[in-house]
Amino acid sequence: MEYENPHYAFVRWQGVLLGLHPADEKSPGGIGGTTVYWEVANLAHSTAQLEAAGATRYRGPMTTSLSAHAAMLKDPFGCCIGLNQSSAASRAATSVPE
C-alpha cells in the first residue's frame, strides 16, 4: 500500500493502479460506501458522459494534493463512481506512465 495523503492510498500491481478513498461522512463504509476510482483522460468529458447516462454529481470536481483532478458521481442505483485525471505530479508519484 502506498499513500498520496491521509485521504487517498493506492495499490500498484501488474500494470494496474487501484486507488482507495477511506470512509468519511460523505462516503461511509458498508454497502454503497466504497468508491472505486477509474483513470480517465479528460475528467470533464467523462463526467458529462456519465451524467448523460443518468449519473449525478456527488463530490467534486476537486484537485488532489498532487494536482490530479477527481470527482465522484452516483449512478441511478446510488452506487458511487470515482473518476481520476492524473497530473504530471501524481503520475510521477505513482509511477504511472503518461
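This note walks through a few features of the structure above.

1. Please keep in mind that this is a predicted model, where local features need pLDDT of at least 70, side-chain atom pairs count only at pLDDT 80 or more, and totals for chains, interfaces and linings use all residues. Residues are numbered from 1 along each chain as its sequence is written, and side-chain values use heavy atoms, with hydrogens and water left out.

2. The protein chain holds two helices and seven strands, in the order β-β-β-β-α-β-β-β-α from the N terminus. Helices (H or I, at least four residues) and strands (E, at least two) are DSSP runs, numbered from the N terminus.

3. Of the chain's 98 residues, 33% count as buried (under 20% relative accessible area, 1.4 Å probe, protein chains only).

4. Have a look at Serine 46, which sits in helix H1 (residues 43-52). Serine 46 is buried, with a relative accessible area of 13%. Leaving aside residues up to four places away in sequence, Serine 46 touches Val40 and Leu83; contact means heavy atoms within 4.5 Å.

5. The second largest pocket has about 260 Å³ of space. Its lining has 14 residues, and the closest to the centre are His7, Tyr8, His21, Met62 and Thr64. A pocket here is an open set of points on a 1 Å grid over the protein atoms alone, where a 1.4 Å probe fits, with protein on both sides within 12 Å along at least five of seven lines; lining residues have an atom within 4 Å of a point. The volume is the space filled by probe spheres set on the points.

6. Strands S1 (2-5) and S5 (56-63) each give that lining at least two residues, and S5 supplies the largest share, three residues.

Conventions
Buried means under 20% relative accessible area, exposed over 50%, partly exposed in between (1.4 Å probe, protein chains only).
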